[in-house]
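Me: I'm new to this one. Can you walk me through it?

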Amino acid sequence: MFKRRKRAVCLALCLSLIAVLPGCGQKTGPDPKHPVTLEVWHNFGGQMQATMDGLVDTFNLTVGKEKGIVLNVTSVSGSAALQEKLTMIANGDPGAPEMPDLTTCYPATAVLLQEKDLLAPLDEQFTQEELSLYLPRFLEEGRLSDGKLYVFPFAKSTEVLFVNQTLFDRFASETGVTMNSLSTFEGIAKAALRYYEWTDAQTPDLPNDGKDFYTADSAFNLAQVGMRQMGGSLLKNESLDLSSPEFQRIWDAICEPAVKGGYALYDGYSSDLSKTGEIVCSTGSTAGILFYGTEITYPDNTTERVEYSVLPFPVFQGGQKIAIQRGSGIVAAKTTPEKERAAAIFLKWFTAPEQNMKFIASTGYLPVTNEAFENSMEQEIADNENIQKLFRTAVEVHAAYDFYIPPVFDGFNSLSSSYGKDLLTCLQRAREQYLALLETESPEDAYSRVSREALEAFRQQP
C-alpha cells in the first residue's frame, strides 16, 4: 500500500515538472501570451527600406501576432557602417552596441561573430525538407568553418552583361557583328576592337579617337570567375596566382582591347559611362539594373532614348557556364531558445516565395528558392521593363549556370581592391605608351612590346 502510494506521489511530481519545465516534450518557442521582441538591423535605404518596413509590419500584424513575435527594425545607413558595427561587437570594442537578434551580414563579418560564439546555427531550426526548397549554392555560402548554417540567404545577386541595344544595333548593322559574339569574353574583345575602328573611322581628320565598347565593374570578379570557368583558380594559398595558362587567356582578352582603345579604363561604375553613351556594354551586378534607364545624355548634352538588353554573364571559350554569387544574408544572434526559434519563424516567412518576390521585385536582386525562380517570376515581375528583362535572364542563369562563391579570409577584400587598382594603373600606362609608339612603330609591334611589359609589371605588384 505504501509503495503504491509512493509511486503515485512520484508520478504526480513528474507530471507537474513536465507541465512547468520548458522544452520538455515540445520545442521551446514564442508564446502569444508572452510575446518575444526581436531587434532587427538592416542596411537598406530608399525603396528597399520601404519594402522591408512594409513586410515587417505585415509580419507583426499576422504571423507575429499569432505566434507572439514582435520585430523592431533599425536601418543602419550603408552596408559598410553596418559591418563596422558588427565588427565592433565581435571585437568587444568599447562603445560597441548590443548584438541585434537578427541582422543582415556578409559571410566575412559572420566569421568574426561566429568565432566569438555570438551566432546561432540555423540548421536545427529547419527540417531537411524545408532546406531543400532553397538553392543549394545559396545555402552553401552561409555555412562557415564548422559546416553549420549561420548566414541565411534572402536576396542574392550575380553578374550579367548589360547591353545598350540601340547603340549595338547601329554598330551591328554596318559591321555585321552579332549579339552571339557577346556570349564569350573573346567575342567581346573582338567586337570592342572593331567598334573602336568603326567609330574612329567616322572622324578621319581626328586619328585614334575611337570609342570604348565595354568595361567591367569588377576586374577581380571577371578574373575569379573566368579562371573557374576554365577549371583554374585565381588564388593559391590566399595569394594571387598570375602565372597559369588560364590567367594568360584572361590577360589576352582584356589587355588588347584596353590598350588599343576598345575597353574603357575607368575607376567607377560602368552605369556612369552607359548613361552618357560612352560604352555599349558592361558586366556588373544584377542589383545595378536600377541605374539603367531609358535615356542617355551624351557629353554634348544631346539626349537619345535607348533600350537595353540583359544577357547572361559571358564565358571564356570552351569554359563552363559559371557566374559569381554575391550578396549578404541574415544571421541570428545566439540568445535564448525562444528568440532563436522566433528568428527562424520570421526567416521562413520572409524567404517564402510570396514575401521574397515582393522584396526583390523592384530591386534587381534574385530570389532564393527554386519555386520563386521557376513559378513566381512572371507573376510578381515589376513594371520596370529593364527589371523584367533582368528576371528573365535570371531564370536562364538559374537553369544553365553554376555559381562561384568567393572564399572568405582576412586579406580577401584588400586583395580584391589592390588587384583592380593595379590592373587599371598598368593598363592605363600601357595605353599611353602604345599611342606614343604608334608614331614610330606598327600597331602590332607597339602592342606586342607594351602588353609584355604591362603583364610583367602587373605580376610584380605587391
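Me: What do the buried residues of H17 pack against?
Reply: This is a predicted model, in which local features need pLDDT of at least 70, side-chain atom pairs count only at pLDDT 80 or more, and totals for chains, interfaces and linings use all residues. Residues are numbered from 1 along each chain as its sequence is written, and side-chain values use heavy atoms, with hydrogens and water left out. The buried residues of H17 pack against helices H9 (185-201), H10 (219-229), H11 (245-260) and H18 (443-459), and against strands E7 (235-236) and E8 (239-240). Contact here is heavy atoms within 4.5 Å. Helices (H or I, at least four residues) and strands (E, at least two) are DSSP runs, numbered from the N terminus.

Me: Which residues of H17 are buried?
Reply: Among them are Phe 412, Tyr 419, Asp 422, Arg 431 and Leu 437. Buried means under 20% relative accessible area, with a 1.4 Å probe and protein chains only.

Me: How far apart are the end C-alpha atoms of H17?
Reply: They are 37 Å apart, which agrees with the 38 Å that 26 residues (412-437) should span at 1.5 Å a residue. The expected span is 1.5 Å times one less than the number of residues.

Me: Switching to the sheet. What is the strand order?
Reply: The order is E2-E1-E3-E14-E4, an open sheet of 5 strands with mixed pairing. E2 (69-75) and E4 (152-153) are the edge strands, each pairing on one side only. Two strands pair if DSSP finds at least two bridges between them.

Me: Is E3 parallel or antiparallel to E14?
Reply: Antiparallel, with 4 bridges joining E3 to E14 (residues 329-332). Thr 103 stands opposite Val 331, and Thr 104 has Ile 330 as its bridge partner. E3 and E1 (residues 36-42) pair in the parallel sense over 2 bridges.

Me: Which way do the residues of E3 point?
Reply: Leu 102 and Thr 104 point one way, Thr 103 and Cys 105 the other, and all are buried.

Me: What lines the largest cavity?
Reply: The lining includes Trp 41, Phe 44, Thr 103 and Ile 330. E1 and E3 each supply at least two residues of that lining.

How values were computed:
Buried < 20%, exposed > 50% of the residue type's maximum accessible area, 1.4 Å probe, protein only. 1 Å grid on protein atoms, 1.4 Å probe; cavity = no way out; pocket = protein on both sides within 12 Å on 5 of 7 lines; lining within 4 Å.
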